[in-house]
Amino acid sequence: MSDGLRDGAEPVGIDELLKRVRAGFVRVGPQEAAAAASDGALLVDIRYAELRERDGLIPGALVVERNELEWRLDPLGSHRAPQAVSHDLRIVIVCNEGYASSLAVASLRQLGLHRATDLIGGFQAWLAAGLPVEQ
């Protein structure tokens, strides 16, 4: 069975692709993401600048634009962020509403970042949960 990510796979719609990639990892809610960050997980905000300026930032989150994500988080990469120290690093990807982050996690897992996951509902769920945000 194809996971929808390999060459030669039958075409699938985005809803099916999301379903398939999400079946490969356990997503976390806002409270779980905050607890994970307190325990040393790396929160990574992949929202574009306009959304960050409009809605604010999660304190302590690493901001990495989506188009740079794999290069910045690959522990073997020449352009890695200083925080990208191990394939065992727990990473929680945060997008605006929890869709793009799931696809980003699938890509990171292909790089061997086996503990990568994403925030259900994205930044908007974090905000709705009343968790800290800085402007």
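This report describes the nonpolar cores and the helix packing of a predicted model.

**Nonpolar cores**

The largest nonpolar core comprises 18 residues, and those with the most contacts inside it are V44, I46, L69, L73, I91, I93 and L108. Two or more residues of this core are supplied by each of β1 (42-45), α4 (69-73), β3 (91-94) and α5 (100-110). Of these elements, α5 gives the largest share, three residues.

Beyond its neighbours within four places in sequence, V44 is in contact with L62, V64, L69, L73, I91, V92, I93 and V94. Apart from this core lies another, of 14 residues, among them A33, I58, V92 and L119.

**The setting of L119**

L119 is located in the loop between β4 (116-118) and α6 (122-128). This residue counts as buried because its relative accessibility is 0%, the cut-off for burial being under 20%. When residues up to four places away in sequence are not counted, L119 touches R27, V28, G29, P30, A33, V92, I93, V94, G98, S101 and W126. Between L119 and L73 there are 46 residues in sequence and 17 Å in space, C-alpha to C-alpha.

**Helix α5 and its packing against α1**

The buried residues of α5 are S101, S102, A104, V105, A106, S107 and L108. They pack against α1, α4, β3 and β4. After α5 comes G112, which has a positive phi near 95°.

Helix α1 (residues 14-22) packs with α5 at an angle of about 50°, and the two axes are 9 Å apart. The two helices are therefore oblique to each other, and their crossing is left-handed. The residues that make this contact are set out by helix below.

| Helix | Residues in the contact |
|---|---|
| α1 | I14, L17, L18, V21 and R22 |
| α5 | S102, L103 and A106 |

By class, the contact of α1 with α5 consists of six nonpolar residues, one polar residue and one charged residue. Two of the α5 residues in the table, S102 and A106, also belong to the buried residues of that helix.

Technical notes:
Residues numbered from 1 in each chain as written. Predicted model: local features only at pLDDT ≥ 70, side-chain atom pairs only at ≥ 80, totals over all residues. Heavy atoms only, no water. Core = buried A, V, L, I, M, F, W, Y, C linked by side-chain atoms within 4.5 Å. Buried < 20%, exposed > 50% of the residue type's maximum accessible area, 1.4 Å probe, protein only. Helix = DSSP H or I, 4+ residues; strand = E, 2+ residues; numbered from the N terminus. Contact = heavy atoms within 4.5 Å. Axes fitted to C-alpha atoms, helices over the stretch in contact; angles between N-to-C directions. Parallel < 35°, antiparallel > 145°, perpendicular 65-115°, else oblique. Left-handed = near helix turned anticlockwise from the far one by under 90°. Nonpolar A, V, L, I, M, F, W, Y, C, P; charged D, E, K, R; others polar.
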